[in-house]
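Q: Hi! Could you walk me through the ligand site in this one?

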Amino acid sequence: MSETTHQQKARKAVYPGSFDPITNGHVDIIKRGMKVFDSLLIAVLENPKKKPLFSSEERVSMIQELFADQKNTEIKAFHGLLVEFAKNNDAKVVIRGLRAISDFENEFQMALMNMKLDPEIETFFMMPNLSYSFLSSKLVKEIFMLGGCLKDLVPKQVEHRLRIKFKNKHPSLNL
Ligand code: PNS
């Protein structure tokens, strides 16, 4: 492999996650990642065991809608090992967001395990803006179900999809 080809591949990063649903914290990391890497592959975990609220197709299409005008981003669902997915997609970097110390232990374990599985893949940690450091998809779903305000927490399109999803799942809820 030539030096140039090698460098080109190093500039593509995978940003994996459950994205159930994507939050403004994820959007912040994606925007920051786009400044650092030439191209970003957003990888949506397909894991029926996790019983996501949104199917992987729905999660992919929500993210596609948000980044439709960004030529250097691609969104795909994946299953199996992340390092295999990254390798099969010519990416050598995995981006993960670190919100708080509480994220660290799990992220440290995953990064080291991924390094063991494939030492060629580097994990790149990015911190979201402080205003998103408390934000998670889990809390977003809980707040929405309990009638709280999602302003500044998720993009408008995501709030709309949440409304449709919960109306279909719980028709008696006044959302
Ligand atoms: O948004 P999440 O739920 O924190 O994302 C977790 C994710 C998708 C990054 C993680 O579960 C993952 O990489 N799954 C793929 C399976 C895998 O490769 N496991 C071994 C790595 S430790």
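**Ligand site and pocket**

A: Happy to: a polar side-chain atom of serine 18 lies 2.6 Å from an oxygen atom of the ligand. This is a predicted model, where local features need pLDDT of at least 70 and side-chain atom pairs count only at pLDDT 80 or more, while totals for chains, interfaces and linings use all residues. Residues are numbered from 1 along each chain as its sequence is written, and side-chain values use heavy atoms, leaving out hydrogens and water.

Q: Which side chain has an N or O atom 2.9 Å from an oxygen atom of the ligand?

A: Lysine 50 does, and arginine 96 also has a side-chain N or O atom 2.9 Å from a ligand oxygen. A polar contact here is a pair of N or O atoms within 3.5 Å.

Q: And how much of the ligand does the protein cover?

A: The protein covers 73% of the 560 Å² of accessible area that the ligand has on its own (Shrake-Rupley method, 1.4 Å probe).

Q: Which residues are around the ligand?

A: Among them are Gly17, Leu45, Phe78, Met110 and Asn114, counting a residue if one of its heavy atoms lies within 4 Å. By class, the shell has 6 nonpolar, 4 polar and 2 charged residues. Helix α5 (residues 101–117) brings the largest share, 3 residues.

Q: Switching to pockets, where does the ligand sit?

A: The space taken by the ligand is the largest pocket, with more than half of the ligand's atoms within 2 Å of the grid points as the test for sitting there. A pocket is an open set of points on a 1 Å grid over the protein atoms alone, where a 1.4 Å probe fits, with protein on both sides within 12 Å along at least five of seven lines; lining residues have an atom within 4 Å of a point.

Q: How much space lies in the largest pocket?

A: About 1,100 Å³. Of the 41 lining residues, the closest to the pocket's centre are Gly17, Ser18, Lys50, Arg96 and Glu107.

Q: Which element gives the most to that lining?

A: That's α5, with 9 residues.

Q: New topic: what kind of peptide bond joins aspartate 20 and proline 21?

A: A cis one, with omega about 0°. Proline 21 is in the loop between β1 and α2. Phenylalanine 19 is found in the loop between β1 and α2 too, and has a positive phi near 50°.

Terms used. Polar contact = N/O pair within 3.5 Å; in protein donor to acceptor, adjacent residues only side chain to side chain. Helix = DSSP H or I, 4+ residues; strand = E, 2+ residues; numbered from the N terminus. Nonpolar A, V, L, I, M, F, W, Y, C, P; charged D, E, K, R; others polar. Points joined across faces, edges and corners; volume = space filled by probe spheres on them.
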